[in-house]
There are 2 protein chains.
Amino acid sequence: MKLTFQDYISIKIHKTDLLLTSFIKARFEPYNLAPEQNLILMLLWEHDGLTQNQLVEKLEKDKTNIARMASSLERKGFIKRIQCPEDRRSVRLYLTKRGQELGSSIIPIAEEFNEIVCRGISEDELFELERLLAKIRENVQNSLN
Amino acid sequence: MKLTFQDYISIKIHKTDLLLTSFIKARFEPYNLAPEQNLILMLLWEHDGLTQNQLVEKLEKDKTNIARMASSLERKGFIKRIQCPEDRRSVRLYLTKRGQELGSSIIPIAEEFNEIVCRGISEDELFELERLLAKIRENVQNSLN
DNA sequence: GCTATTAAGTTGTTATAGCAACCAAAAGGG
DNA sequence: CCCTTTTGGTTGCTATAACAACTTAATAGC
């Protein structure tokens, strides 16, 4: 039995990720909200007025990506970006009324999404899946050194 | 125990995918080869002269992505794109000498990459991981209807 | 207090991904 | 044989991701 690159676990993870992303993207589409930008709103709904840098740390994303997502969220009218008076390098993100209201529509969709994804998968299986993904990340990170 | 969106399995799959992608990207960097473009070359090394449309089917990617990756591979001098005489709509991709030679450097890296990723994971665990990922894809696809 | 370093954001570039609209060639139906 | 439909590719646009280079503001060392 020949193992082609198509069988590589990394390819399967990638394809799964793409499918998940396009699925949630379609669900959010009616609200003019992109999936990753949603993560920023999720954090702002919990705690309004975070700086971009705080979002970089919480979401573990590149600062350039956060900046562009924030800029897009502002263009769409979901947030306002205000320069922080205590540290004028920083920018704080504040929800607009529209941004606040969006939560009541989006959060149920996110929860339903997670429910659909996990359907028919037991707690133990889910833990095992998470454990194996963590093992893979660990393998990669170890070989970076 | 509160479940925040950060705990969603989809987020963990996404982060794992990003880490895998950036890892293999760094490995291929010295050869001026991007990870997804590598998949096209992998198929051409097995069977030179495939059309873009055949690659679309084999890689299950959008035709626009294949077209742009092919165009990039041509700019980099790894392939030539030749209009198919039998069907003048089609474009066949042919490896250049450089493209052919690249295989002997790249294939071992891809195999080592897979070995690193799977390190410390048993056959059974790997199957279980693949099974659960397939289950998730199935869940998503079922709810698309 | 001045200078060197660090930190927060921005801009530019490349790669990936997906959608819509389009063009040209091929295939089908009468 | 002509007209309609389908098919293979391209172009344009948006979103995500990562890296490099840059600006400005804050901080540290002296």
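The structure is a predicted model, in which local features need pLDDT of at least 70, side-chain atom pairs count only at pLDDT 80 or more, and totals for chains, interfaces and linings use all residues. Residues are numbered from 1 along each chain as its sequence is written, chains are lettered from A in the order in which they are written, and side-chain values use heavy atoms, without hydrogens and water.

In chain A, the axes of helix α2 (residues 35–46) and helix α4 (residues 63–75) come within 10 Å and cross at roughly 85 degrees. Axes here are lines fitted to C-alpha atoms, for helices over the stretch in contact, with angles running from 0 to 180 degrees between N-to-C directions. α2(A) is thus roughly perpendicular to α4(A) (65 to 115 degrees). The contact (heavy atoms within 4.5 Å) involves Glu36(A), Gln37(A), Ile40(A) and Leu41(A) of α2(A), and Ile66(A), Met69(A), Ala70(A), Ser72(A) and Leu73(A) of α4(A).

In chain B, ten of the twelve residues of α2(B) are buried (under 20% relative accessible area, 1.4 Å probe, protein chains only), so α2(B) is largely enclosed by the rest of the structure. Among them are Pro35(B), Leu39(B) and Trp45(B).

Technical notes. Helices (H or I, at least four residues) and strands (E, at least two) are DSSP runs, numbered from the N terminus. Angles under 35 degrees count as roughly parallel, over 145 as roughly antiparallel, 65 to 115 as roughly perpendicular and the rest as oblique. Buried means under 20% relative accessible area, exposed over 50%, partly exposed in between (1.4 Å probe, protein chains only).
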